Amino acid sequence: MSGSAGEQGRGRRGQPQWCPPAGSPPCKLRLYNSLTRRKDVFVPQHGKRVTWYCCGPTVYDASHMGHARSYISFDILRRVLRDYFGYDVFYCMNITDVDDKIIKRARQNYLFERYREKQPQAAQVLQDVHAALKPFSAKLRETTDPDRRQMLERTQRAVELAAEPLQRAVQSGLPAEAANGCAEVLLEEAKDLLSDWLDGSLGSEVTDNSIFSKLPKFWEEEFHRDMEALNVLPPDVLTRVSEYVPEIVNFVQKIVDNGYGYASNGSVYFDTVKFASSDRHSYGKLVPEAVGDQKALQEGEGDLSISADRLSEKRSPNDFALWKASKPGEPSWPCPWGKGRPGWHIECSAMASALLGASMDIHGGGFDLRFPHHDNELAQSEAYFENDCWVRYFLHTGHLTIAGCKMSKSLKNFITIKDALKKHSARQLRLAFLMHSWKDTLDYSSNTMESALQYEKFLNEFFLNVKDVLRAPVGITGRFEKWEDEESELDRSFQDKKAAVHEALCDNVDTRTVLEEMRALVSQCNLYMAARKAARRRPNRALLESIALYLTHMLKIFGAIEDESTLGFPVRGPGASLDLEATVLPYLQVLSEFREGVRRIAREQKVPEVLQLSDALRDDILPELGVRLEDHEGLPTVVKLGDREALLREREEKRRAEEEKRKK
């Protein structure tokens with residue numbers, strides 16, 4: 001009886017009620033959206049799939065640091081969305097290879113080369129340059145923008161100075177050889193001026209369409225090479241205007257059919273008044289305050305499209321060209337309105353819509369494209385689809401200034417990407433960009449780059465120290481050591497920093513704060529390692545390796561470390577595929593241990609010559625090979641593999657400092 005009662009009691013005892021932990025609310029990614037001018041929670045339209053269109057370059061000249069500003073910044077954002085937040089990003093970019101600037105530059109180059117081939121006499125060159133200076137001076141007098149005026153004045157002065165020796169040579173009847181030498185110098189200096197003058201009088205005679213495709217083809221190739229050198233991921237799809245003309249014609253036709261466009265004199269214009277007065281639409285979504293800014297509108301129309309007769313074809317001064325009737329000396333395609341070519345804004349609308357449909361998640365471009373380019377793109381596309389949401393999030397990268405001055409191709413004060421890469425590595429440029437917000441103005445100056453160099457050096461030193469700790473021989477179980485308070489404290493700090501990094505990335509991908517948090521984490525690791533060293537104890541391998549791998553992972557996400565590297569910055573041999581570190585470090589370790597044994601004996605036997613030899617190996621011979629040995633009293637020598645140039649610079653600085661000390 002009693003037994004069964006006991007069993008019944010046991011049977012009634014159930015598991016206690018379980019309550020789930022309260023948890024913490026997840027941090028949501030917010031992006032600064034130009035359509036609202038605030039940080040909006042990012043919600044893609046289709047699950048994890050993100051459709052993204054980015055305005056690519058107009059290829060008529062070398063890519064410069066202003067391009068790098070935009071494309072490196074978007075590359076960082078794209079990588080973070082893909083590799084950190086786990087979105088499936090479909091990234092499209094265009095190449096503008098049909099445009100007023102390209103047409104003009106192609107004609108000018110062609111006419112100038114033709115002029116040179118005729119080998120004009122020195123007197124003829126002088127006469128032509130004087131003739132070209134007249135319209136140029138008139139343009140200078142009309143220019144009100146101070147930066148542009150200054151640039152034109154510099155050009156004029158340089159041409160006048162180069163003309164003086166030729167003037168003297170012609171007047172004093174110097175031999176043809178001497179005069180031709182002066183003429184060559186003048187031709188080089190006056191190239192832009194003469195090209196513009198030749199184009200003014202002969203441009204309409206250039207009818208061969210291949211002349212207009214050769215120039216953009218060349219510069220597009222250069223652009224892709226520059227992007228590869230900067231470690232910018234290629235787009236998933238690349239569209240070229242020249243390949244999408246039929247789609248553009250159909251796009252324009254539908255806008256006209258929907259009542260938002262009209263043909264006039266062979267061109268087709270967008271009816272801004274009709275569009276803005278429609279209940280479903282609004283014009284100037286990004287910069288409503290700029291609507292009606294004629295200067296900005298005309299820049300958007302292009303130099304070849306703002307003559308008085310062109311402006312008189314429009315119903316309203318705010319209307320803009322969807323399709324331009326081609327004049328003599330311009331490329332053209334057949335269409336329902338006669339021979340013509342696409343307007344600038346319509347190109348992106350038609351190409352992006354062909355790939356991404358009636359509504360995309362993200363559209364990106366430089367800050368200066370907001371009006372009129374992007375506002376016009378929005379209007380055309382929403383007129384085509386009769387919707388109000390062609391773009392959900394509009395992202396604009398900040399301007400780039402050079403030592404505080406505005407940079408632009410038309411002002412001729414630009415630094416090409418190739419020149420920038422001669423001074424700094426792609427990683428250093430990227431670190432400089434990561435240290436600033438993607439949407440703010442970035443000043444490219446020696447100070448900016450110095451900060452990036454210091455940051456790289458600081459991290460690299462940490463990676464090299466961790467690699468040294470990991471190289472110390474231990475058994476398989478010796479890898480795991482008991483954690484003392486110091487390890488627990490460092491790990492707590494590590495977890496806090498990871499959480500802070502996550503919050504910063506959710507806050508409009510704030511890489512500047514991320515890099516600061518990473519710097520603080522490395523500083524704490526350095527203090528921990530120094531304390532361990534002072535106590536003659538080995539630091540905890542597993543913990544340091546975890547932290548170093550996390551930092552490597554973050555730098556890979558940002559595109560600052562190439563994929564193959566397992567920990568820290570990769571050290572490459574002459575053949576890019578060779579992992580130099582894994583190959584040579586075992587041999588260097590043997591050499592280092594042998595040197596230590598020799599030094600010990602030399603000290604005991606008091607043989608200073610041998611000690612001098614081992615110092616020379618450390619100070620003179622190995623740095624030439626990119627190897628640094630660090631001797632520490634009572635501890636094994638640390639072997640580090642670094643960049644040869646950096647080690648040689650370090651050695652020079654050290655010697656200079658010692659020299660100063662000796663003088664004092």
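This is a predicted model: local features need pLDDT of at least 70, side-chain atom pairs count only at pLDDT 80 or more; totals for chains, interfaces and linings use all residues.
**Domains**

Domain 1 is built from two stretches, 30-96 and 236-428. Domain 2 covers 101-210. Domain 3 covers 445-558, and domain 4 covers 580-663. The C-alpha centres of domain 2 and domain 4 lie 59 Å apart.

| Helix pair | Angle | Distance between axes |
|---|---|---|
| α18 (residues 485-506) and α20 (residues 541-557) | about 15° | 11 Å |

Start with α18 and α20. Their angle is about 15°. An angle under 35 degrees counts as roughly parallel, so α18 and α20 are roughly parallel to each other. The crossing of α18 over α20 is left-handed. Which residues of α18 and α20 meet? On the α18 side they are E487, L490, D491, F494, K498, V501 and L505. On the α20 side they are L543, S546, I547, Y550 and M554. Sorted by class, this contact between α18 and α20 holds 8 nonpolar, 1 polar and 3 charged residues.

Now take α21 and α22. From α21, the residues in contact are L591, R595, V598, R599, A602 and R603. They meet V610, L611, S614, D615, L617 and R618 of α22. By class, the contact of α21 with α22 has 6 nonpolar, 1 polar and 5 charged residues.

**Backbone details**

Some backbone angles deserve a look. Where is there a cis peptide bond? It joins F371 and P372, and its omega is about 5°. P372 is part of helix α14, which spans residues 370-385.

R37 has a phi near 55°. That is a positive value in a residue that is not glycine. R37 sits in the loop between β1 (30-33) and β2 (38-41). Its relative accessibility is 39%, so R37 counts as partly exposed.

N231 is not a glycine either, yet its phi is positive, at about 60°. The loop that holds N231 runs between α8 (209-229) and β5 (237-240). N231 has a relative accessible area of 26%, so this residue is partly exposed.

Is T51 buried or exposed? The cut-off for buried is under 20% relative accessible area. T51 has 14%, so it is buried. T51 belongs to strand β3 (residues 49-54). Leaving out residues up to four places away in sequence, T51 touches F90, L356, S359, M360, D361 and I362.

L647 lies in helix α23 (residues 644-663). With a relative accessibility of 7%, L647 also counts as buried. Which residues does L647 touch, beyond those up to four places away in sequence? They are P623, G626, V627 and R628.

Notes. Residues are numbered from 1 along each chain as its sequence is written. Side-chain values use heavy atoms; hydrogens and water are left out. Domain bounds come from an automatic or database domain assignment. Helices (H or I, at least four residues) and strands (E, at least two) are DSSP runs, numbered from the N terminus. Buried means under 20% relative accessible area, exposed over 50%, partly exposed in between (1.4 Å probe, protein chains only). Axes are lines fitted to C-alpha atoms, for helices over the stretch in contact, and angles run from 0 to 180 degrees between N-to-C directions. Angles under 35 degrees count as roughly parallel, over 145 as roughly antiparallel, 65 to 115 as roughly perpendicular and the rest as oblique. A crossing is left-handed if the near helix is turned anticlockwise from the far one by less than a right angle, and right-handed if clockwise. Contact means heavy atoms within 4.5 Å. Ala, Val, Leu, Ile, Met, Phe, Trp, Tyr, Cys and Pro count as nonpolar, Asp, Glu, Lys and Arg as charged, and the others, Gly among them, as polar.
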